[in-house]
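Me: Got a model to go through with you. Can you take my questions as they come?

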Amino acid sequence: MLQFDQYSFARKKVLIRVDFNVPLDEHKHITDDTRIRGAEPTIQKILDDGGSVVLMSHLGRPKEGPTEKYSLKHLLPRLAETFGSDKVSFVDDCISDEAFTLSASLQPGHVLLLENLRFYKEEEKGDRAFAEKLSHHGEVYINDAFGTAHRAHASTAVIADFFTSENKGFGYLMNAEIENAEFVLHKSKKPVTAIVGGAKVSDKIQLLERLVDIMDNILIGGGMAYTFIAAQGGKIGNSLFEPDFTELALKILAKAEQKNTKIYLPADSVSADRFAADAENQTTKSDMIPDGWMGLDIGPEAVETYKNVVLDSKTILWNGPMGVFEFKNFSNGTFSIAEAVANATDKGAFSLIGGGDSVSAIQQSGLSERVSYISTGGGAMLEFLEGKELPGISAIRS
Ligand code: AMP
């Protein structure tokens with residue numbers, strides 16, 4: 001595979017799979033352009049080298065072919081802002097004759113954006129003929145779409161077969177995502193701490209099983225904590241509970257003890273009398289939640305303990321919120337942890353915010369600039385951390 005930063009793209013036509021799956025409001029304005037900003041350095045390097053760029057991406061989940069709402073044309077003004085309106089063009093079908101005519105005549109320094117790949121069902125099916133057609137848009141294939149690297153789709157994985165190893169590689173974003181995750185998992189300075197939260201233990205069980213081998217500390221919060229607490233015989237009221245996972249939860253606790261990994265469960269919780277922003281709330285021990293009440297946040301004692309562990313850590317991985325942080329009364333745990341992660345980073349720790357809701361918590365708290373790295377891939381980062389081989393990565397490496 002080619003080494004992106006050492007490669008000269010002069011006079012090359014480069015087909016890049018980006019992840020431009022950005023949120024749009026009802027006027028089709030981009031409400032968060034993080035993913036576009038993430039891919040810009042890769043595009044810019046190729047243009048600066050004197051190459052030209054064909055961009056392909058998906059947007060949303062169109063069900064039945066072309067849908068105005070999911071057209072990538074809505075992103076054109078944003079791309080024109082960065083690369084110049086005379087340099088960026090768009091074609092309304094990713095494999096039409098017109099698309100191939102435009103990509104064939106693309107001049108150095110210019111960018112062609114293809115219409116949403118998912119307007120063709122073949123994309124998600126990983127159809128080989130479709131992937132081969134797409135491959136004709138460039139001499140070099142770069143994958144910079146970490147957010148879809150866990151999918152074996154035509155443009156993310158299958159297409160790589162149509163390029164020789166020296167003509168395919170990762171862009172800056174993909175390299176950064178892989179390097180940062182590998183750093184946390186394999187080269188981290190101790191003590192290394194994982195903060196794992198979110199709704200369901202079933203979604204995070206594989207992650208926890210792996211982290212027990214790697215981490216010094218694991219801080220568990222969010223709805224998933226209550227299955228652990230119930231498994232140990234605690235009273236959790238109406239809190240989230242997955243009875244099928246109690247045995248596995250106990251196994252993980254036992255394995256952690258064997259491996260000298262310290263697993264923390266929240267000593268106390270802020271509970272609600274119903275799942276609502278304006279619910280009544282009370283703080284109790286997490287294993288003594290009254291009937292009819294549900295734990296929606298870690299309590300002040302847990303916050304204090306977790307903060308101290310975070311502040312003593314040299315490496316921190318955070319995946320998943322500590323509570324229902326969308327409701328103000330149950331957001332203290334998540335935002336306190338966000339602040340502790342930022343403070344630990346100020347003191348020299350390396351922090352990786354790995355995916356999904358913990359990313360939006362960091363962004364909402366205005367602390368994005370004070371953590372080391374924020375991943376752009378929710379599901380992809382989770383699978384990478386679980387130790388799974390991601391199709392988008394292995395297709396380039398093989
Ligand atoms: P996940 O996608 O698994 O990371 O879960 C994130 C979601 O979990 C967020 O929308 C939170 O509101 C929710 N969540 C966190 N803690 C709890 C809890 N104690 N009870 C119910 N939902 C929770």
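Me: What is 2.9 Å from a polar backbone atom of Gly-295?
Reply: A nitrogen atom of the ligand. That is a polar contact, meaning a pair of N or O atoms within 3.5 Å. Note that this is a predicted model: local features need pLDDT of at least 70, side-chain atom pairs need 80 or more, and totals for chains, interfaces and linings use all residues. Numbering runs from 1 along each chain as its sequence is written, and side-chain values use heavy atoms, without hydrogens and water.

Me: Switching topic. Which domains does the chain have?
Reply: Domain 1 is 13–174 and domain 2 is 188–385. The bounds come from an automatic or database assignment. Their C-alpha centres lie 36 Å apart.

Me: How many residues does each put into the contact?
Reply: Eight from domain 1, ten from domain 2. Contact means heavy atoms within 4.5 Å.

Me: What area do the domains bury between them?
Reply: About 700 Å², 61% of it on carbon and sulfur atoms. Buried area is the accessible area (1.4 Å probe) lost on putting two parts together, summed over both.

Notes. Polar contact = N/O pair within 3.5 Å; in protein donor to acceptor, adjacent residues only side chain to side chain.
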